[in-house]
Each structure stands twice: as C-alpha cells, then as structure tokens.
Amino acid sequence: MNLPASASVSVNGEPREIAAGTTLASVVATLTTAPSGVAAALNETVVPRGQWPLTAVRDGDRIEILTAVQGG
C-alpha cells in the first residue's frame, strides 16, 4: 500500500500541507521553540507532550497549538 506524499491539515485554523508521516512534535516545532508552556490538540483532543513524537498526523486532521503567555 502506497502512502500519499503529503497531507492537508488545519493548524490553528490555517490550511497547511505537510509531509505524510509527519509527527505532532514536528508540527509543533514549526510554530514554536518554547521549551514549556505549550499544549497541542489533535482533532479537539489534547495530546500529552510525551506522545507528540509518537503521534502521526493524517490528512484532514485539525491541530491546535497553544502557547501560555504571562502578563497582566
């Protein structure tokens, strides 16, 4: 079975093309280099940080990446 070369996903509401087999960790790394205070959800389900490298993103997935910001 051949896998498609790319996948169409939504990242924070914006359409994006990514390589097939890309992990959630790779997608997060394209948006932020923050070592902490980052949360990621895949199809409206929060994914624990330890699972990001093991979670493959598939065509049609919706990804939300949130970064905590301090201030007042």
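**A note on the sheet, its helix and its core**

1. Start with the sheet: five strands form an open sheet in the order S2-S1-S5-S3-S4, and their pairing is mixed. Because S2 and S4 stand at the edges with a single partner strand each, one side of each has no neighbour in the sheet. Neighbouring strands are turned by 35° against each other on average, direction ignored. Here strands (E, at least two residues) and helices (H or I, at least four) are DSSP runs, numbered from the N terminus, and two strands pair if DSSP finds at least two bridges between them.

2. A word on the source. This is a predicted model, in which local features need pLDDT of at least 70 and side-chain atom pairs count only at pLDDT 80 or more, while totals for chains, interfaces and linings use all residues. Residues are numbered from 1 along each chain as its sequence is written, and side-chain values use heavy atoms, leaving out hydrogens and water.

3. Now follow the pairs. Strands of a sheet pair through backbone hydrogen bonds, either parallel or antiparallel. S1 and S2 are antiparallel over six bridges, with valine 11 partnered by glutamate 14 in S2. These two strands make a hairpin with two residues between them, and asparagine 12 in the turn has a positive phi of about 50°. S1 and S5 run parallel, joined by two bridges; serine 10 stands opposite arginine 62 in S5. S3 and S4 are antiparallel over three bridges, and alanine 40 has valine 47 in S4 as its bridge partner.

4. Which residues of helix H1 are buried? In H1 (residues 24-31) they are Leu24, Val27 and Val28. Seen down the helix axis, these buried residues fall within an arc of 100°, so they line one face of H1. The arc is taken from the directions from the helix axis to the C-beta atoms. On the other side of H1, Ala29 and Thr30 are exposed. Buried means under 20% relative accessible area, exposed over 50%, and partly exposed in between (1.4 Å probe, protein chains only).

5. Finally, look at the core. A nonpolar core is a set of buried Ala, Val, Leu, Ile, Met, Phe, Trp, Tyr and Cys residues joined through side-chain atoms within 4.5 Å. The largest one has 15 residues, of which Leu24 and Ile63 touch the most other members. S1, H1, S3 and S5 each supply at least two residues of this core. Not counting residues up to four places away in sequence, the contacts (heavy atoms within 4.5 Å) of isoleucine 63 include Val9, Leu24, Val27 and Val57.

Technical notes. Axes fitted to C-alpha atoms, helices over the stretch in contact; angles between N-to-C directions.
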